[in-house]
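Subject: Structure for you, with notes on its salt bridges

Hello,

Please find the structure below.

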Amino acid sequence: QVQLVESGGGLVQTGGSLRLSCAASGRTFSSYTMAWFRQAPGKEREFVAAIQFTGVITRYADSVRGRFTISRDNAKNTVYLQMNSLKPEDTAVYYCAVDRYPGRPGVKSGVESYDYWGQGTQVTVSS
């Protein structure tokens with residue numbers, strides 16, 4: 001059974017930083033692209049960033065590019081999201097997710113491309 005457990009969320013002021021972690025189990029983690037999504041109240045879940053199973057290819061939403069960095073440690077089955085220069089509009093519940101298919105060459109940004117999700121961690125950025 002696949003399990004994803006996010007941690008690292010919290011309350012931070014505008015301009016601050018947070019580092020989210022997602023610990024995965026139940027799959028050969030190193031074979032799957034991993035992603036972060038977020039969902040603000042009243043809004044749809046949106047793509048934030050993803051990293052291919054090799055760790056070489058990454059993809060970011062325009063709204064976070066240059067401020068957020070996704071990385072992974074396959075030895076620890078963990079994916080990270082370093083968030084810098086946080087803004088109030090970054091406030092949301094952040095979820096990590098696993099690609100449906102192992103070894104996918106591309107990095108997908110659609111919700112439908114991911115089939116397991118964590119429980120989410122709240123990030124709140126105060127103005």
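The side chains of Asp 62 and Arg 65 form a salt bridge, at 2.6 Å from N to O. The term means a side-chain nitrogen of Lys or Arg within 4 Å of a carboxyl oxygen of Asp or Glu. Asp 62 is exposed, at 66% relative accessibility. Arg 65 is partly exposed, at 48%. (Buried means under 20% relative accessible area, exposed over 50%, and partly exposed in between, with a 1.4 Å probe and protein chains only.)

A note on the source: this is a predicted model, where local features need pLDDT of at least 70, side-chain atom pairs count only at pLDDT 80 or more, and totals for chains, interfaces and linings use all residues. Residues are numbered from 1 along each chain as its sequence is written, and side-chain values use heavy atoms, with hydrogens and water left out.

How many salt bridges does the structure hold? There are 6. Here are two more of them.

Asp 90 pairs with Arg 67, at 2.8 Å from N to O. Asp 90 sits in the loop between strands E8 (78–83) and E9 (92–99), and Arg 67 in the loop between strands E6 (58–60) and E7 (68–73), so the pair ties together parts 23 residues apart in sequence. (Strands, E, are DSSP runs of at least two residues, numbered from the N terminus.) Both Asp 90 and Arg 67 are buried.

Arg 38 bridges to Glu 46, with the closest N and O atoms 2.6 Å apart. Arg 38 is buried, at 6%. Glu 46 is partly exposed, at 35%.

Best wishes

Terms used: Helix = DSSP H or I, 4+ residues; strand = E, 2+ residues; numbered from the N terminus.
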